[in-house]
Amino acid sequence: MQTTEERLKYYGLEDDRIKILKFLNRKQYISLLQNSNVLISCARSEGWNLPLIESLACGTPSIYTKCSGQLEFTKNKGLGVRVIGEEPATNNENLTYEHNIPGNFYTPDLDDLVEKIKDSYNNYNVWKQWHLHHSKEIREEYSWKKQAQKAYERLQVIKFTPKIKKPKLEINFVDGPYACLRDAKQDYLVDFINQSTGKSEYSVNLKNNHWGKSYHKYFINWDIQIKDKFNEIISSYKYNASGKRVFISLGSKSLGDTLAWFPYVLEFKKKHNCFITVSTFWNDFFLKKYPELDFVEPGSTVPNLYAMYEVGWFYGDDGDNLDGFKQSKDPKAYPLQQTATNILGLEYKEIIPKINYKIKKRPIKEKYVCISPHASAGAKYWQHPTGWQDIINDLNNKGYKVVQISKEKHNDNFENTKLPKGKPFKNIIDKTGNIPLEDTINLLHHSELYIGVSSGLAWLSWALKKPVVMISGFSADWTEFTSNVKRIINKNVCNSCFNNFKLDAGDWDWCPVHKNTSRQFECTKKIVPKNVIKAISQTLSNIY
């Protein structure tokens with residue numbers, strides 16, 4: 001095809017409303033740009049896009065694809081259409097080139113293009129004023145005079161600057177990336193680049209023997225660059241932990257958090273081929289199962305580190321807003337295990353931790369099931385008035401003993417722990433209170449299954465590879481583990497507050513939407529015993 005008319009006809013786009021203007025002289029062309037309402041350019045690749053920068057210089061609302069060389073001058077300007085991927089440049093069946101084209105074309109989001117066109121039309125006056133405001137910057141920064149001056153200055157430096165020894169950087173990634181400039185005869189810009197996004201997260205001008213450090217404490221695949229005054233890269237250092245020592249600490253004392261996060265310490269070691277020192281509040285669980293790791297107690301000082309990371313949930317000084325320098329994403333919006341992968345820069349997949357424990361003699365001759373109604377917040381409790389006793393009775397009728405396990409004693413004043421009716425359960429075997437954890441583990445090991453709420457004991461049972469029935473409206477059904485578990489939740493009522501609000505651990509009656517109303521804790525009050533009993537029966541039938 002040789003003409004625009006041929007192309008429009010080929011694609012079925014002939015329309016009397018389309019006007020084709022050919023071979024305009026410069027004056028006509030600029031006048032057309034100045035008087036148009038909008039320029040639409042949705043190319044799949046561009047070297048520079050001269051019509052686009054000329055349109056922006058005229059203050060004309062301009063739509064373009066967020067790709068290629070034009071990104072240099074379109075930053076925070078124009079109406080950019082997002083890119084959703086790439087495709088081989090030879091994918092177009094209508095190409096008639098003699099040889100294959102190397103490389104890829106970008107794929108613009110055509111739905112987003114439609115939205116940008118609508119926006120430019122519906123909010124034309126706003127966008128016109130906005131483009132006029134930014135047109136001055138384009139005209140000044142990209143004038144021929146400005147470019148010639150830049151070229152002249154660079155040539156002068158090349159001509160008169162003697163070659164000097166390149167400066168060096170001393171680097172580590174302990175509690176954030178650190179760079180100290182050495183052997184520098186002049187000042188340099190040190191730029192901390194996120195290789196995954198290409199974005200500069202932090203930059204600082206340094207003199208010889210001066211240092212800079214970013215606040216980012218979670219894993220970023222860094223490229224730390226030394227740049228001269230012309231923004232040219234003199235040298236760079238890319239993150240490489242291979243053969244080096246990395247310290248990872250799990251900051252939570254919670255058993256559930258620790259079991260959820262620990263497997264990803266080993267995954268980090270595998271990915272980076274590094275030596276790992278790790279600290280947890282439950283080291284004895286893992287020492288013998290993870291000989292590849294070096295364990296220290298929390299608070300220990302570890303020398304000769306290349307990098308250090310802490311896994312946890314972190315809030316700022318106000319206690320309400322997340323600390324965005326310690327985690328890149330809101331942990332409430334992801335599975336609990338993904339807290340670790342988000343901070344350590346790993347691909348998320350559910351992993352069951354390996355724990356060390358000694359198998360002892362079977363403590364109860366008959367078949368039995370372990371239950372625990374207790375948890376660390378009132379919102380986690382199953383608040384149905386007869387729920388627990390109903391499932392205990394059903395299990396007894398099926399021939400199973402029921403063993404209650406928890407650090408809270410069976411005969412405690414349950415009004416203070418918010419169990420319905422304030423009465424202890426009947427027809428159970430009491431293994432609660434100050435019982436050694438190894439004995440509780442042995443009880444779980446020999447049990448048929450565990451029934452409980454969102455708690456550390458549920459995570460412990462899962463780590464022991466015991467089937468779990470979890471009763472929880474407090475958290476979304478993807479929050480905890482999803483394998484080897486039957487999850488009971490009523491999605492027809494208010495639920496998953498844990499994933500939408502910051503838990504106030506100091507308020508036992510925390511219910512962020514319905515506190516002090518008849519709907520308080522409806523997320524668990526409305527979980528009926530028959531649904532739990534059905535899940536228990538299905539789980540037991542799968543065992544046998």
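Helices here are DSSP runs of H or I with at least four residues, strands are E runs of at least two, and both are numbered from the N terminus. With that in hand, hello everyone, and let's start with a histidine. H133 sits in helix α6, which covers residues 124–141.

Before going on, a word about the model. It is a predicted one, where local features need pLDDT of at least 70, side-chain atom pairs count only at pLDDT 80 or more, and totals for chains, interfaces and linings use all residues. Residues are numbered from 1 along each chain as its sequence is written, and side-chain values use heavy atoms, with hydrogens and water left out.

Back to H133: is this residue buried or exposed? H133 is exposed, with a relative accessible area of 61%. The cut-offs, with a 1.4 Å probe and protein chains only, are under 20% for buried, over 50% for exposed, and partly exposed in between. The C-alpha atom of H133 is 7.4 Å from that of G59, and the two residues are 74 apart along the chain.

Helix α6 also has a helical partner. Two packed helices are described by the angle between their axes and the distance between the axes. Axes are lines fitted to C-alpha atoms, over the stretch in contact for helices, and angles run from 0 to 180 degrees between N-to-C directions. Helix α3 (residues 50–57) packs with α6 at an angle of about 120°, and their axes are 7 Å apart. On the α3 side the contact uses I53, L56 and A57, and on the α6 side H131, S135, I138 and R139; contact means heavy atoms within 4.5 Å. Sorted by class, that contact has four nonpolar, two polar and one charged residues. For these classes, Ala, Val, Leu, Ile, Met, Phe, Trp, Tyr, Cys and Pro count as nonpolar, Asp, Glu, Lys and Arg as charged, and the others, Gly among them, as polar.

The axes of α12 (residues 387–397) and α17 (residues 529–543) come within 9 Å and cross at roughly 35°. This crossing is right-handed, meaning that the near helix is turned clockwise from the far one by less than a right angle, with anticlockwise being left-handed. From α12, the residues G387, D390, I391, D394 and L395 meet P529, V532, I533, I536 and L540 of α17. Those contact residues divide into seven nonpolar, one polar and two charged.

Which residues of α12 are buried? They are G387, W388, Q389, I391, I392, D394 and L395. These pack against α17 and against the strands β17, β18, β20 and β21 (468–471). After α12 comes G399, with a positive phi near 95°.

Next, α14. Its buried residues include T440, I441, N442, L443, L444 and H446. Among the elements covering them are α10 (283–286), β17 (368–372), β19 (429–432), β20 (450–452) and α15. Setting aside neighbours within four places in sequence, H446 touches I359, K360, K361, R362, P363 and Y368.

Most residues other than glycine have a negative phi, and most peptide bonds are trans. S68, not a glycine, has a positive phi of about 65°, and S496 likewise has a positive phi of about 65°. S68 is in the loop between β2 (62–65) and α4 (71–74), while S496 is in the loop between β22 (485–488) and α16 (522–525). S68 is partly exposed at 23% relative accessible area, whereas S496 counts as buried at 8%.

The grid is 1 Å over the protein atoms alone; a cavity is a set of points where a 1.4 Å probe fits but cannot get out, a pocket is an open set with protein on both sides within 12 Å along at least five of seven lines, and lining residues have an atom within 4 Å of a point. Grid points are joined across faces, edges and corners, and a volume is the space filled by probe spheres set on the points.

The largest pocket has a volume of about 1,300 Å³. Its lining has 44 residues, with S254, L255, S376, K380 and G456 nearest the centre. Which helix gives the largest share of that lining? That is α8, with four residues.

The whole structure holds four cavities of 30 Å³ or more, and the largest cavity has a volume of about 90 Å³. Around the largest cavity are 15 lining residues, of which C494, C497, C511, P512 and C523 lie nearest its centre.
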